[in-house]
Amino acid sequence: MTEIKQDVDARVQTERTRLLHVLDGLDEEQWDTPSLCAGWAVRDLVVHLLMPYELSAPRFLLMMLRARFDFDRAADRWATTDTRTPAEVVAGLRKTEHRTFSVPGAPVEAPLSHLVIHAQDVYRPLGVPSPTDPENARVALEQLTSPRARRSLPPGILDGLAFSATDTDWHYGEGAQVSGPATALLTTLSGRTAALPELAGAGVADVRARL
């Protein structure tokens with residue numbers, strides 16, 4: 001487990017550095033660009049990335065109580081009520097290198113999946129070519145399609161379909177084919193439609209209908 005965590009930590013560091021490089025070059029208008037997460041600007045999305053690192057367990061419980069135990073509502077309040085400037089948000093993201101990803105019961109790959117999925121939510125609406133390593137996206141895909149995580153996917157999206165990445169060795173399921181870059185598959189399985197044009201195969205129409 002220690003070796004796996006070290007590997008994941010190294011991958012998180014790589015992807016964090018890549019995201020920071022993009023964020024450092026954004027102007028005010030780009031920070032206000034709608035992300036792939038409905039209702040969130042790019043700035044809100046990056047604030048959300050800080051949540052597992054900055055929110056203590058007691059504060060999280062209080063937020064959940066106030067949100068009537070609706071996690072999406074609590075996360076939205078965290079992201080949209082934060083008053084930090086973009087520069088301060090970027091500084092907060094840099095500091096996560098020295099902080100713990102504090103989600104009780106989360107699998108060891110969770111910090112990487114959280115970062116890689118939401119980085120796509122930033123890159124794509126900004127029109128930035130994704131710098132994400134396909135191998136890091138593969139690790140996130142493995143975690144996202146694990147028995148434990150599948151409950152969080154759009155209902156039925158995996159049923160009767162065979163997904164395969166064209167840029168790394170990852171495949172899942174049996175049935176009509178759905179293939180494309182690992183980041184496009186990751187974005188799609190996370191419930192976003194933005195990467196559908198990058199996918200190919202007889203099963204794409206089924207995926208589109210399920211989102």
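Predicted model: local features only at pLDDT ≥ 70, side-chain atom pairs only at ≥ 80, totals over all residues.
Reader: Is histidine 48 buried or exposed?

Author: Burial is read from relative accessible area: buried is under 20%, exposed is over 50%, and partly exposed is in between (1.4 Å probe, protein chains only). Histidine 48 has 7%, so it is buried. A contact means heavy atoms within 4.5 Å. Not counting residues up to four places away in sequence, histidine 48 touches Trp40, Ala75, Trp78, His114 and His118.

Reader: Thanks! Which residues have the most contacts inside the largest nonpolar core?

Author: In soluble globular proteins, nonpolar side chains tend to be buried together. A nonpolar core here is a set of buried Ala, Val, Leu, Ile, Met, Phe, Trp, Tyr and Cys residues joined through side-chain atoms within 4.5 Å. The largest one has 57 residues, and Leu23 and Phe163 have the most contacts inside it. Helix H7 (residues 110-126) gives the largest share of this core, 8 residues.

Author: A helix's expected span is 1.5 Å times one less than its number of residues. H1 has 23 residues and reaches 32 Å, close to the expected 33 Å. Its buried residues, among them Val12, Arg16 and Leu23, pack against helix H2 (28-31), H3, helix H6 (86-95), H7 and helix H8 (134-144).

Reader: What is the volume of the largest cavity?

Author: Rolling a probe the size of a water molecule over the atoms shows where empty space is left. On a 1 Å grid over the protein atoms alone, a cavity is a set of points where a 1.4 Å probe fits but cannot get out; a pocket is an open set with protein on both sides within 12 Å along at least five of seven lines; lining residues have an atom within 4 Å of a point. Grid points are joined across faces, edges and corners, and a volume is the space filled by probe spheres set on the points. The count comes to 1 cavity of 30 Å³ or more, and the largest cavity has a volume of about 60 Å³. H1, H3 and H7 each give two or more residues to its lining, with H7 giving the most, 3 residues.

Reader: And how many residues line the second largest pocket?

Author: That pocket has 18 lining residues, with Lys5, Asp9, Thr100, Phe101 and Pro111 nearest its centre. About 340 Å³ of space lies in it, and H1 (residues 2-24) supplies the largest share of the lining, 6 residues. For classes, Ala, Val, Leu, Ile, Met, Phe, Trp, Tyr, Cys and Pro count as nonpolar, Asp, Glu, Lys and Arg as charged, and the others, Gly among them, as polar. The lining of this pocket has 9 nonpolar, 4 polar and 5 charged residues.

Conventions:
Residues numbered from 1 in each chain as written. Heavy atoms only, no water. Helix = DSSP H or I, 4+ residues; strand = E, 2+ residues; numbered from the N terminus.
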